[in-house]
Amino acid sequence: MINKLVEKIKKTNAPIVVGLDPMLNYIPQHVQDKAFAEFGETLEGAAEAIWQFNKEIVDKTYDLIPAVKPQIAMYEQFGVPGIEAFKKTVDYCKSKDLVVIGDIKRGDIGSTSAAYAVGHLGKVKVGSKEYVPFDEDFATVNPYLGSDGVKPFIDVCKEQKKGIFVLVKTSNPSSGEFQDRLIDGRPLYELVGEKVAEWGADCMGDDYSYVGAVVGATYPEMGKVLRKIMPKSYILVPGYGAQGGQGKDLVHFFNEDGLGAIVNSSRGIIAAYKQEAYAQFGPENFGDASRAAVEAMAADISQALEGR
Ligand SMILES: O=C(O)c1cc(=O)[nH]c(=O)n1[C@@H]1O[C@H](COP(=O)(O)O)[C@@H](O)[C@H]1O
């Protein structure tokens with residue numbers, strides 16, 4: 001799957017992930033009204049609204065981008081119907097040949113991680129039969145429990161040719177509280193980065209490992225150091241747009257070959273119609289606004305990479 005991701009990035013010339021994080025308040029009123037008219041103001045109604053919203057955004061952007069990242073929390077908040085909308089979204093994106101990164105941020109003791117890995121990336125056995133429960137292509141993994149919490153994901157990835165992105169340095173304001181703490185004189189995120197490189201060494205695709213890392217766009221200097229520590233790992237870079245990251249912050253996340261990083265924007269793309277820059281589209285044409293925002297993001301990143 002890492003080879004497919006790299007191929008699609010080269011083909012689209014856009015190292016971009018559209019984050020499908022559909023909060024209800026980003027969904028235009030007409031989409032909500034239609035879903036509520038059919039299902040009422042219920043969890044089913046909310047799930048229908050987020051599914052219709054996602055579908056329109058995917059339809060308007062899939063030819064420009066290599067990948068999407070549905071954030072499972074945005075679906076889980078609507079209970080079982082929300083989870084069904086998550087699965088529908090995963091399947092629809094795959095039918096459009098997009099690489100799907102399940103943003104699930106899981107990680108637990110080994111046996112529990114194994115169940116998460118099977119559920120999201122692998123196959124589960126039921127008697128004599130096997131089922132593919134969620135079937136994302138990649139998942140985000142929390143490494144706080146150490147190697148035995150991560151290895152079960154890697155084992156399933158090896159078997160199923162899938163991949164993971166391990167949280168190394170997150171984009172949020174408090175990420176330094178633990179991640180920047182010095183241990184033997186070195187910040188914890190560097191030690192985690194070294195582990196990612198080690199885990200990834202025998203998980204190679206053609207050029208890159210299918211054990212990748214998450215490093216926030218909001219910490220460009222740390223991104224520069226981590227790029228060198230994990231030369232063969234793809235870096236998923238959230239924090240562009242709504243959290244303040246810009247193209248110029250991203251150059252050091254990429255290798256000299258112009259590859260090695262893929263940048264996520266969620267609110268900046270899916271709620272583009274609410275921004276002044278795209279106001280001319282109006283809520284009716286929210287999908288077109290998202291397309292314009294993807295084009296602007298791709299141009300911003302290309303320009304930054306050309307200018308380095
Ligand atoms: O793993 C992630 O994707 C992630 C890691 C991180 O350090 N920071 C971060 O924002 N994210 C996710 O990336 C998305 C960012 O959304 P926007 O700020 O709207 O672009 C959300 O789904 C976050 O959960």
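User: In what order do the eight strands close into a barrel?

Analyst: This is a predicted model, in which local features need pLDDT of at least 70, side-chain atom pairs count only at pLDDT 80 or more, and totals for chains, interfaces and linings use all residues. Residues are numbered from 1 along each chain as its sequence is written. Strands are DSSP runs (E, at least two residues) numbered from the N terminus, as are helices (H or I, at least four), and two strands pair if DSSP finds at least two bridges between them. The pairing here is parallel, and the order is β1-β2-β3-β6-β7-β10-β11-β12.

User: Which residue in β12 is the bridge partner of Val18?

Analyst: Strand β1 (residues 16-20) pairs with strand β12 (residues 261-265) in the parallel sense, over three bridges. In β12, the partner of Val18 is Ser265.

User: Which residues come nearest to the ligand?

Analyst: A residue counts as near if its C-beta atom, placed from the backbone, lies within 6 Å of the molecule. Around the ligand there are 20 residues, and those that come nearest are Gln71, Thr170, Pro238, Ser266 and Arg267.

User: Which elements give two or more residues to the shell around the ligand?

Analyst: The elements concerned include a strand and a helix, defined as above. They are β12 and α11 (267-270).

User: What share of the residues in the protein is buried?

Analyst: A residue is buried if 20 or more other C-beta atoms, placed from the backbone, lie within 10 Å of its own, exposed if 12 or fewer, and partly exposed in between. Of the 308 residues in the protein, the buried share is 49%.

User: How many helices and strands are there in the protein?

Analyst: The C-alpha atoms fill a box of roughly 60 × 55 × 35 Å along the principal axes. Within the protein there are 12 helices and 12 strands.
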